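Work through the exercises below with the model open. Try each task before reading its solution.

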Amino acid sequence: MKNAKTDQEKEAYLDTLEMVHEARIKYFPNHYKTGRSQVGSLKGKMGVDLFNLAPERCPKAYVLLKESVQSERERSSTATMVYYFRSTIKMVKLGNADEELIVDTYDEISELVDKNLAKYQTNARKLSQWENVKGNIDNTFEPYATCEVLIKIYGKKFEANPTDIALLNKITTILK
């Protein structure tokens, strides 16, 4: 793709890459050793490739990455989580979603990252990877985390459920 001479040639390579990903999902939906479904993981890989190699295909990358994270939850790869958040921000910038989606996605991913941080407390290498993901996502979120935006979004959630202690703790942590 990098050596493609024309836009049509690049598009042909991208289409082929998508076709390969889709075929892998179709013909190898389960992991060969564990037998567990790997469709979510494979969609994540496809979404990362589309986000990196075809910025104009961001809406499709976003959908694939979202499906992957919602399917795999805390088993999602670090790359899938990072690019899911980046694609969310890009969708907002393109005008395809509201800013509230950024905060909702940040909440979703932060919860999953925190589970992995707790899980890998005794594995220095994995813990370091997940700390890196947390820092990356926090730094990416920071420009969108203005008090006005957060109060607007979390104010609605708080009013809907003012006795939810977990929500109150989350709001307090984010506002700090």
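**Exercise 1.** At roughly what angle do the axes of helix H5 (residues 100-119) and helix H6 (residues 124-141) cross?

*Solution.* Start with the ground rules. This is a predicted model, where local features need pLDDT of at least 70, side-chain atom pairs count only at pLDDT 80 or more, and totals for chains, interfaces and linings use all residues. Residues are numbered from 1 along each chain as its sequence is written, and side-chain values use heavy atoms, with hydrogens and water left out.

Step 1. Helices here are DSSP runs (H or I, at least four residues), numbered from the N terminus. Axes are lines fitted to C-alpha atoms over the stretch in contact, and angles run from 0 to 180 degrees between N-to-C directions.

Step 2. The H5 and H6 axes come within 10 Å and cross at roughly 165°. H5 is therefore roughly antiparallel to H6 (an angle over 145 degrees).

Step 3. The H5 and H6 crossing is left-handed (the near helix is turned anticlockwise from the far one by less than a right angle).

Step 4. Contact means heavy atoms within 4.5 Å. H5 contributes residues including Ile102, Tyr106 and Leu117, and H6 contributes residues including Trp130, Ile137 and Phe141. The contact residues divide into eleven nonpolar, one polar and four charged. In this scheme Ala, Val, Leu, Ile, Met, Phe, Trp, Tyr, Cys and Pro count as nonpolar, Asp, Glu, Lys and Arg as charged, and the others, Gly among them, as polar.

**Exercise 2.** Describe how H5 and H7 pack, and name the residues that make the contact.

*Solution.* Step 1. The H5 and H7 axes are 10 Å apart, at an angle of about 70°. H5 is therefore roughly perpendicular to H7 (65 to 115 degrees).

Step 2. The crossing of H5 and H7 is right-handed (clockwise).

Step 3. From H5 come Glu100, Val103, Asp104 and Asp107; from H7 come Val149, Leu150, Ile153, Tyr154, Lys156 and Lys157. They split into five nonpolar, no polar and five charged.

**Exercise 3.** Which residues of helix H8 (residues 165-175) are buried, and what covers them?

*Solution.* Step 1. Buried means under 20% relative accessible area, exposed over 50%, and partly exposed in between (1.4 Å probe, protein chains only). Leu167, Ile171 and Ile174 of H8 are buried. They cover an arc of only 70° around the axis, so they sit on the same side of H8. The arc uses directions from the helix axis to the C-beta atoms.

Step 2. The face turned away carries the exposed Ile165, Ala166 and Thr173.

Step 3. The cover over the buried residues of H8 includes H5 and helix H7 (147-160).

Terms used. Helix = DSSP H or I, 4+ residues; strand = E, 2+ residues; numbered from the N terminus. Parallel < 35°, antiparallel > 145°, perpendicular 65-115°, else oblique.
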